[in-house]
Amino acid sequence: IFKKNYQDLIMSQFYKAEDGSAINMHVPFISFLRYVVGTKFSKINYHFKPMAFFCSPCEIDFDYVSEVETMRYDLIESFTRASSRSSIRTGRDVRAVKVLEKIKDNRDNLISLKPYKSSRSAKDVFRDISRREPELIDQVYRKFWWDFEIFGYTIDDYVVKN
């Protein structure tokens, strides 16, 4: 659905030939970043907005915070923790029970998943982009700075230092 809804828009407005992917193929990540920083939050899908945009993270007492870098393990851990809550154990939340059963059934498959197309970390990808377009990484940081602050990331981890 995302590809259908966003590929043509991103490729027509934010793609450059040196981005590394041919038109009608996959949207290069660098083109996607240009789209995100070049589009008002009111105009983009909520999946692409900062977490701070949706909620008041400082007002919520989180039990668990996951990171994309460890998501497959964190997913299992968070559902394991959720399954220990009484409302799920007693079967009052049928949807949660069904999700937990799927997670349990697919635990080994989730853990064995390889990162999508690459074993490179997010930091490596952003460092590569910062070599090519340092101003783009700065724009990403400025647009998502609340998430950097809230979740303890720094821009220094994502740029090439001279």
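The legends below describe several close-up views of one predicted protein model.

Residues are numbered from 1 along each chain as its sequence is written. Because the model is predicted, local features need pLDDT of at least 70 and side-chain atom pairs count only at pLDDT 80 or more, while totals for chains, interfaces and linings use all residues, and side-chain values use heavy atoms, with hydrogens and water left out.

View 1. Helices (H or I, at least four residues) and strands (E, at least two) are DSSP runs, numbered from the N terminus, and the elements follow one another as α-α-α-α-α-α-α-α-α. Of the 162 residues of the protein, 26% count as buried; here buried means under 20% relative accessible area, exposed over 50%, and partly exposed in between, with a 1.4 Å probe and protein chains only. The accessible surface comes to about 11800 Å², with 55% of this area belonging to carbon and sulfur atoms, where areas come from the Shrake-Rupley method with a 1.4 Å probe and, for residues, only the protein chains shown count as cover. A contact means heavy atoms within 4.5 Å, and among the contacts with a separation of 6 or more, 51% are between residues 24 or more positions apart.

**View 2. The largest nonpolar core holds 18 residues.** Such a core is a set of buried Ala, Val, Leu, Ile, Met, Phe, Trp, Tyr and Cys residues joined through side-chain atoms within 4.5 Å. The members that touch the most others are Leu33, Tyr35, Phe48, Phe126, Ile129 and Phe144. At least two residues of this core come from each of helix 1 (2-14), helix 2 (29-38), helix 7 (122-132) and helix 8 (134-143), and helix 2 gives the most, with 4 residues. Apart from its neighbours within four places in sequence, Ile129 is in contact with Phe29, Ile30, Leu33, Pro134, Leu136 and Ile137.

**View 3. Helix 1 has buried residues at Tyr6, Gln7, Ile10, Met11 and Phe14.** These residues lie on the same side of helix 1, because they cover an arc of only 125° around the axis, the arc being that of the directions from the helix axis to the C-beta atoms. The cover over the buried residues of helix 1 includes helix 2. On the face turned away from this buried side, helix 1 carries the exposed residues Lys4, Asp8, Ser12 and Gln13.

**View 4. Helix 7 buries Phe126, Ile129 and Ser130.** An arc of only 105° around the axis takes in these residues, so they are on the same side of helix 7. Helix 2 and helix 8 are among the elements that cover them.

**View 5. A salt bridge joins Glu133 and Arg34.** A salt bridge is a side-chain nitrogen of Lys or Arg within 4 Å of a carboxyl oxygen of Asp or Glu, and the structure holds 4 of them. In this pair the closest N and O atoms are 2.5 Å apart. The bridge links distant parts of the chain, since Glu133 is in the loop between helix 7 and helix 8 whereas Arg34 is in helix 2, 99 residues apart. Both Glu133 and Arg34 are buried.

View 6. An α-helix has 3.6 residues a turn, so residues three or four places apart point the same way. Asp128 is partly exposed, with a relative accessible area of 28%, and Arg131 is exposed, at 54%. In helix 8, Asp138 and Arg142 are 4 residues apart, about one helical turn, and their side chains meet in a salt bridge at 3.0 Å, N to O. Asp138 is partly exposed, with a relative accessible area of 36%, while Arg142 is exposed, at 52%.

**View 7. A nonpolar patch on the surface is formed by Tyr46, Met51, Phe53, Phe54, Ile60, Phe62, Val65 and Phe151.** Patches are made of residues with over 30% relative accessible area and no salt bridge, like charges being joined within 9 Å and nonpolar side chains (Val, Leu, Ile, Met, Phe, Trp, Tyr) within 5 Å. Together these residues have about 780 Å² of accessible area. Phe54 lies in the loop between helix 2 and helix 3 (71-83) and is partly exposed, at 42% relative accessibility. Met51 has its place in the loop between helix 2 and helix 3, and is partly exposed, at 43%. Leaving aside neighbours within four places in sequence, Met51 is in contact with Asp147 and Phe151.
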